[in-house]
Amino acid sequence: MELQRKTIAKVIAVAFVFNLVVMGGGAWFAYQEAPPIPDRVVGPDGGTVVTDADIRDGKKTFQRNGLMNHGSILGNGAYYGEDYTADTLDLKTEFMRSYYAQERYGGEYGALPAEERAAVDAVVRADMSEQYDGGNIEYSAAELYAHEQIREEYVDRYHEGSHERGVPAGMIESEEEARQFADFALWTAWFSHTDRPGGDHSYTNEWPYAPGAGNDATGAAMVWSVVAMVLLVAGAGFGIWLYHSVRLPEPSTDGLSVPEPGDVSVFPSQRSALRFVPVAAGLFLAQVMLGGLLAHFYIERAGFFGIEEIFGVHILQILPFAIAKTWHIDLGILWIAATWLGAGLFLPPLLTGHEPRRQSTYVDGLLAAVIVVTVGGLGGIWLGANGYLDGALWWLVGNEGLEYLEVGKLWQGGLLVGFGLWAVLSVRGLKPLLDREPPYGLAHMILYAGGSIALLFTAGFLFTPETNIAVTEFWRWWVVHMWVEGAFEFFIVAIVGLTLVSMNLLDRRSAEKAVMLQALLVMSTGVIGVSHHYWWIGMPDMWVPIGSVFSTLELIPLVFILFEAMGQYRAMTESGSFPYRLPFMFIVASGVWNFVGAGVLGFFINLPLVNYYEHGTYLTVGHAHAAMFGAFGFLALGMVSYMLQLSIDPERWDGSWLRAAFWMWNVGLALMVFVSVLPVGFLQLETAFTEGYAAARGLAFYEQPVIQTLFWARLPGDTLIILGTVVYAADLVRKRFVLRTAADDPDVEDMAVAEGVLDDD
C-alpha cells in the first residue's frame, strides 16, 4: 500500500484533535472527580482531629522535604522507603485491630483465638468500608486512636530519624510538620478505602491491595486485563502487517555515495554545538555515580562500605537518599536533553550547507543558559530540602519535590525558555530547507518534535503545592508519560530520519514518510496511553478501559521502531566500507532497548490486574532503566559518536574507546536489569499478592537474605555502566585535542552529505 505524505499529514491532524478532545475532557473530569479534601475530620465527640489546612500543609511538607524521592504516595515515587498511602492504611488497620481487641476482649490482637480475631477483622473492615456523602469525615473511636498513633509513629520516623529505614535525623524539621505529613498520608489512605458516592469501590479503585481494610482488585481490572492481552497479540500482529504492507524504503548503501567524514567541512556553529557533549558527559558521569550510591543504600541503609566506622559520620546524614535520588533523576534528564539539543543544532548544516550569521555565538549562549539552569536547579534542590528557603521560595526556587519535576518553578521556566531558544536557532539553521519543503517536511518534523517536548512541559505549571494530590498527579503524568511515550519517541524517529538523510542512506521524501507514519502511530496511542497512570491515584474508573486499550496499542509504534532498527543494522552490515558503523551501533541498540524496555518490560506490567499488585515495585525500576537509558540514552550517545566522527580528521579518528564503552553499557544494563532488578520485582509481586502491598514495600521485605543477595548481584552491572561512562568521559577529553578546525566560510559544495536535500519537491 502506497501512502502519500499529504495523506499522513491530514490523519495526524485528525489524531491531534482527537487526543486534545479526549485529554481535555479528562482534565475537566480530574477536577470534578478528585477525592475531596474535607473541611474537618472529627472524632466521635465531634472534636476536630484534622482540618483541610492540615492536609494541605502536610502535602507541602511531603514535597518540600523530597519525600516522594524517599518513598512514594499512591504508588508513585521512589521505592526505597514505604509507600505512604499503603503504609498508613496498613498501620491504621493494625491499630484499629489493637483497639477493638482491647475494647471487646481485653487482650492483644495477636493473642486472641482465631474466631475472636476474625470478629475484630470484620468490625475493622466494616468501619473502613463506609461510603462518603460529603461534609466532615467522622471517625469512630478506633479510627481516632489509630490516627493519633500513626502521627506519633511518623514523628519518630521522619523527625527523630530512623537509620534502619534510611531516614536521616531531622528529615522533617519539626514534630508539628511530621504530624501534618501523617495527616496528609492518612487522607490518601482514607480515600483508598472509602467508596465513591453512589459507587461500589473506593476512589483509587480499591488500590492498594489490603484485605484487612477490605481492598481487593475490582472486576474491571480482571476484565480489561483480558481485553488488553487480546489487543496485545492483535496489536503486535497488526504492527508487523502494517510495516510490511506500507511501502517505506529501507536504508541502503547500494547505489548511494555515502560521504566520508573527511569530505565534510565543519561549521563554527557545529563546533559550538559539540561543546554540549562534554557538559552532558559530566552530568552523565555524576548520574551513574549517584546511581551506584543509591543501589548500595538498599544494602547499607545508613553507610557506605563501612566508611562511617572510620570517620564516625553516616553518609545518610550528609547526602540523604531523597536528595541523591532527586539529583540522579534530574541529571539523567539533563544529560540526555543537553546531548539532544547539541545534536539538533549540529545536524542542520549537514542538510543545508547553511551557516546563519553569528549562529555559533548564539549556540554558545544557549549552552551557557543550560549550565546556569542546571547549576541553579540542582543547587536549589539542596537548599530547599534543607530548609534554607522560606515561604514560597522553596518550590519556586528550590525543590518542587515531585518525581521528575523536582526543580523549582523558576528553573523549570528556564528550561522552557531554553527549548524556545533552541527552536529559534534550529529555524535559523534549517531555513533553506524550511523555505523549500511543505509543512509536513523533515525539517518541520524536527521542530514539531522539539516543540512538543516544550509544549507538554507546560503542564507542569498547572498546579501548585496547594493543589489536590490527585489533580497534581494528573498533570505531572502529562509531562512525564507524554514526554517518554509521545514527544521523546517522536524526536527519536525524527532525529534518526535526519541522520539517515545526512548520511545519504535515505532520500528526504522517504525519510519524511517514515517519520510521519511513526509519529502518527506514537500520537495515536502514546498520548491517551498516559491514562494507565490514572487507575490508582483517585481519578474516575473510566480510565481503566481507556488506559488498558491505548497503553496496549503503544506496542505498534515500538514494533515499527524495532523493524527500523533491524533495517538500519542491515544497512550497516551490507557494506564493509560503511564509515559510520559505530554511530549505527548506538542507534540500533536504541531501537532494540526501546522495544525491550518500553515494550517487553512495559506492557506486561500495564495489564490492569498485574499493575494492581505491581504498581510501585522493582518491576517498574527495570522497565524505567531499560527504556530511559536504553532507548533515549543510547540514541544520544549515538549522535555524539556521529558528531565526533565528523569533527575529527579521519586519520586521527579512533573509535575503540567508544566501542568498549558501548559494550560495557549494554552488558552492564542487561546484568543490572535481568540479574538483579527484575528478580527483586518478581519477588515483590509475589509478596504483594500473598501478603498485601504494604508488605511488599516494607523494610522486612528488603532485609530478607535472598533480596540482599540480589541487591549485591547488581554490583557487576552497575560497575560496568560506571566504568563505561568513565571511559566515555576520558575519551572525550583525549578527542578534544584532535578536533578539526572549523571552516571559516564553508558552502554547500563542501557539504557532501547534503546531496539532494535541497531539491525542490
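**View 1. The largest nonpolar core has 226 residues.** A nonpolar core is a set of buried Ala, Val, Leu, Ile, Met, Phe, Trp, Tyr and Cys residues joined through side-chain atoms within 4.5 Å. Tyr534, Trp665 and Tyr728 have the most contacts inside this core. Helix H18 (residues 469-502) gives the most to the core, with 22 residues. Helices (H or I, at least four residues) and strands (E, at least two) are DSSP runs, numbered from the N terminus. This is a predicted model: local features need pLDDT of at least 70, side-chain atom pairs count only at pLDDT 80 or more, and totals for chains, interfaces and linings use all residues. Residues are numbered from 1 along each chain as its sequence is written, and side-chain values use heavy atoms, with hydrogens and water left out.

**View 2. Contacts of Tyr534.** Contact means heavy atoms within 4.5 Å. Neighbours within four places in sequence are left aside. Tyr534 then touches Met23, Glu473, Phe474, Trp477, Trp478, Met539 and Trp543.

**View 3. A nonpolar patch lies on the surface.** Trp663, Val667, Leu671, Phe674 and Val675 form it, with about 430 Å² of accessible area together. Patch residues have over 30% relative accessible area and no salt bridge; nonpolar side chains (Val, Leu, Ile, Met, Phe, Trp, Tyr) are joined within 5 Å, like charges within 9 Å. A salt bridge is a side-chain nitrogen of Lys or Arg within 4 Å of a carboxyl oxygen of Asp or Glu. Areas come from the Shrake-Rupley method with a 1.4 Å probe; for residues, only the protein chains shown count as cover.

**View 4. Val675 lies in helix H25 (residues 656-691).** Val675 counts as partly exposed because its relative accessibility is 37%. Buried means under 20%, exposed over 50%, partly exposed in between (1.4 Å probe, protein chains only). Buried residues make up 62% of the 761 residues in the chain.
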